[in-house]
Amino acid sequence: MDPPCTSESIYNLIPSDLKEPPQPPRYTSVFRESIKDDMKKFKTAMKTMGPAKIDVPSPKDFLKKHSKEKPLPPKKKFNRCTPKKPAVPLRTDHPIMGIQSGKNFINTNAADVIMGVAKKPKPIYVDKRTGDKHDLETSGLLPKYINKKDYGITPEYICKRNEDVKKAQEEYDNYIQENLKKAAMKRLSDEEREAVLQGLKKNWEEVHKEFQSLSVFIDSIPKKIRKQKLEEEMKQLEHDISVIEKHKIIYIANK
């Protein structure tokens, strides 16, 4: 079969001047260099690929002979006058024989058993049908701790700690009360309220007069800024006047 003609190929339908869109720049963090420095700073030796970057030892600090041997204890003066151990007995020496005691051990043991107090059996408990025995005292089944004299009584160190906490809380409450008294609110009298109101109205009239004196045609940036500033001042003064007129009783904080 003959190869297809190039003029009849489907790839000829794709325009040749089509270009791929440029790739957007890859994101790079602004902290990349600082993180690299931190990683180099806190990396320990022998945890990276390759030999560790450590200081080379100086040739003067070579290993010397007998430098790692443990030092011997100091010499002690030998004293020849120390007492000697007893001598070993000779083969001809014989131990003393034939010494007898007149004590009747049978009667003595019988009297000790008769007059002695009987030994109490050790308390145990059985937990299975087969009869496995365990110590009862260490099992926790006996009311051992509730029979103590100091059971249920708060320890002395906890009482002392509670007193310290209570004392610290009282000191803190007193401190808060003193600060509240120092920063107590003061009521504004009617005369002072009226004087403040009249002063705000007078300021509003002055700002309004200055606003009316602006040129009709505002064509520069400084004029626009001046107009915005005057409008904000008038708006703030109007808000303050309405607040004071609305509330008859006003409190202010002492500085």
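Reader: Thanks! To start, how many disulfides does the count come to?
Author: The count comes to 0 disulfides. Bear in mind that this is a predicted model.
Reader: Okay, then what about C81, buried or exposed?
Author: C81 counts as exposed, because its relative accessibility is 71% and the cut-off for exposed is over 50%.
Reader: And how does C159 come out, by relative accessible area?
Author: C159 has a relative accessible area of 33%, so it falls in the partly exposed class, between 20% and 50%.
Reader: Switching topic: which residues make the nonpolar surface patch?
Author: That patch is made by V30, F31, I35 and M39, and its area is about 460 Å².
Reader: Where is I35 found?
Author: I35 is in helix α1. With a relative accessible area of 48%, I35 is partly exposed.
Reader: Now for rings. How many aromatic pairs does the structure hold?
Author: The structure holds 0 aromatic pairs.
Reader: And what sits over the ring of F62?
Author: The charged end of K64 does, 6.0 Å from the centre of the F62 ring.
Reader: Good to know! Where does H66 lie?
Author: H66 lies in the loop between α1, residues 32-42, and α2, residues 105-115.

Conventions:
Residues are numbered from 1 along each chain as its sequence is written. This is a predicted model: local features need pLDDT of at least 70, side-chain atom pairs count only at pLDDT 80 or more; totals for chains, interfaces and linings use all residues. Side-chain values use heavy atoms; hydrogens and water are left out. Helices (H or I, at least four residues) and strands (E, at least two) are DSSP runs, numbered from the N terminus. Rings of Phe, Tyr and Trp (its six-membered ring) pair if their centres lie within 6.5 Å; planes under 30 degrees apart count as stacked, over 60 as edge-to-face and the rest as tilted. A charge sits over a ring if NZ of Lys or CZ of Arg is within 6 Å of the ring centre and within 35 degrees of the ring normal. A disulfide is a pair of cysteine sulfur atoms within 2.5 Å. Buried means under 20% relative accessible area, exposed over 50%, partly exposed in between (1.4 Å probe, protein chains only). Patches are made of residues with over 30% relative accessible area and no salt bridge: like charges are joined within 9 Å, nonpolar side chains (Val, Leu, Ile, Met, Phe, Trp, Tyr) within 5 Å. Accessible areas come from the Shrake-Rupley method with a 1.4 Å probe; for residues, only the protein chains shown count as cover. A salt bridge is a side-chain nitrogen of Lys or Arg within 4 Å of a carboxyl oxygen of Asp or Glu.
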